[in-house]
Amino acid sequence: MLEQQSLSLTVACHAALLLFCAILFYRAVIIYAERRETAACALPDNLSVLVENDGSCALAPEKGQEITAEIQEACPDWQRYNLTDRETEVLQEVMQGKKIGDIAQTLVVTERTVKFHISNILKKTDCKNQRELRSKLGKS
């Protein structure tokens, strides 16, 4: 009888722990989905982004139209560096002047992961540090 109660209590504790983990995972998925729905850049109707075979990107206006200063302003400089979605999310946080620990907490990743993404961003943008990166892409 005592063994059966102990087993029941163990099963109940495991079920509660599993439910708690499922709730935390669901919350993390919701936070991630909300962040992904944020539009990075709204391009004018007469403009699209052309992706070359080598992975580079270029602004592509409709036939007969030129890329104007207004169109250039609509597309932040950082979009020209072929960043991944996650690198873009990290870059947006860096541009706000957030610290690595805060970025990690916001994006629900480790600080090491944030540092890895920042390193990739710095390589792709040919910057030496975050200060230079913010200066270079400051208008975005």
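In which hand does H3 pass H4 in their crossing? Let's keep that one in mind while we get our bearings, everyone.

What we have on screen is a predicted model, where local features need pLDDT of at least 70 and side-chain atom pairs count only at pLDDT 80 or more, while totals for chains, interfaces and linings use all residues. Residues are numbered from 1 along each chain as its sequence is written, and side-chain values use heavy atoms, with hydrogens and water left out.

First, the overall layout. The chain has six helices and two strands. Both kinds of element are DSSP runs numbered from the N terminus: helices are H or I with at least four residues, and strands are E with at least two. Starting at the N terminus, the order reads α-β-β-α-α-α-α-α.

Of the 140 residues in the chain, 22% are buried. Buried means under 20% relative accessible area, exposed means over 50%, and partly exposed is in between, using a 1.4 Å probe and protein chains only. The chain exposes about 10300 Å², and carbon and sulfur atoms supply 55% of that. Those areas come from the Shrake-Rupley method with a 1.4 Å probe, and for residues only the protein chains shown count as cover. Now for contacts, meaning heavy atoms within 4.5 Å. Among contacts in the chain with a separation of 6 or more, 52% join residues 24 or more positions apart.

Now to helix H3, residues 85-95. How many of the eleven residues of H3 are buried? Eight of them are, so H3 is largely enclosed by the rest of the structure. The buried ones are Arg-86, Glu-87, Thr-88, Glu-89, Val-90, Leu-91, Glu-93 and Val-94. After H3 comes Gly-97, with a positive phi near 80 degrees.

Who are the neighbours? Let's begin with helix H4, residues 100-107: H3 and H4 pack at an angle of about 130 degrees, with their axes 10 Å apart. Axes here are lines fitted to C-alpha atoms, for helices over the stretch in contact, and angles run from 0 to 180 degrees between N-to-C directions. That angle makes H3 oblique to H4. As for the wording, under 35 degrees counts as roughly parallel, over 145 as roughly antiparallel, 65 to 115 as roughly perpendicular, and the rest as oblique.

Back to my opening question: H3 passes H4 in a right-handed crossing. A crossing is right-handed if the near helix is turned clockwise from the far one by less than a right angle, and left-handed if anticlockwise. On the H3 side, the contact is made by Arg-86, Glu-89, Val-90, Glu-93 and Val-94, and on the H4 side by Ile-103, Thr-106 and Leu-107. By type, these residues are four nonpolar, one polar and three charged. Nonpolar covers Ala, Val, Leu, Ile, Met, Phe, Trp, Tyr, Cys and Pro; charged covers Asp, Glu, Lys and Arg; the others, Gly among them, are polar.

Here is a handy rule for looking at lists like that one. An α-helix has 3.6 residues a turn, so residues three or four places apart point the same way.

Next comes helix H5, residues 111-125. The axes of H3 and H5 come within 9 Å and cross at roughly 90 degrees. That makes H3 roughly perpendicular to H5. Here Arg-86, Glu-87, Val-90, Leu-91 and Val-94 of H3 meet Val-114, His-117, Ile-118, Asn-120, Ile-121 and Lys-124 of H5. This contact divides into six nonpolar, two polar and three charged residues.

H4 and H5 pack against each other too, at an angle of about 105 degrees and with axes 8 Å apart. H4 and H5 are therefore roughly perpendicular to each other. Ile-100, Gly-101, Ile-103 and Ala-104 of H4 meet Glu-111, Val-114, Lys-115 and Ile-118 of H5, a set of five nonpolar, one polar and two charged residues.

Let's finish with two loop residues. Most residues other than glycine have a negative phi. Asn-82, however, has a positive phi of about 55 degrees although it is not a glycine. Asn-82 sits in the loop between helix H2 (69-74) and H3, and is partly exposed at 38% relative accessible area. Asp-126, also not a glycine, has a positive phi near 60 degrees. Asp-126 is in the loop between H5 and helix H6 (130-136), and counts as exposed at 62% relative accessibility.
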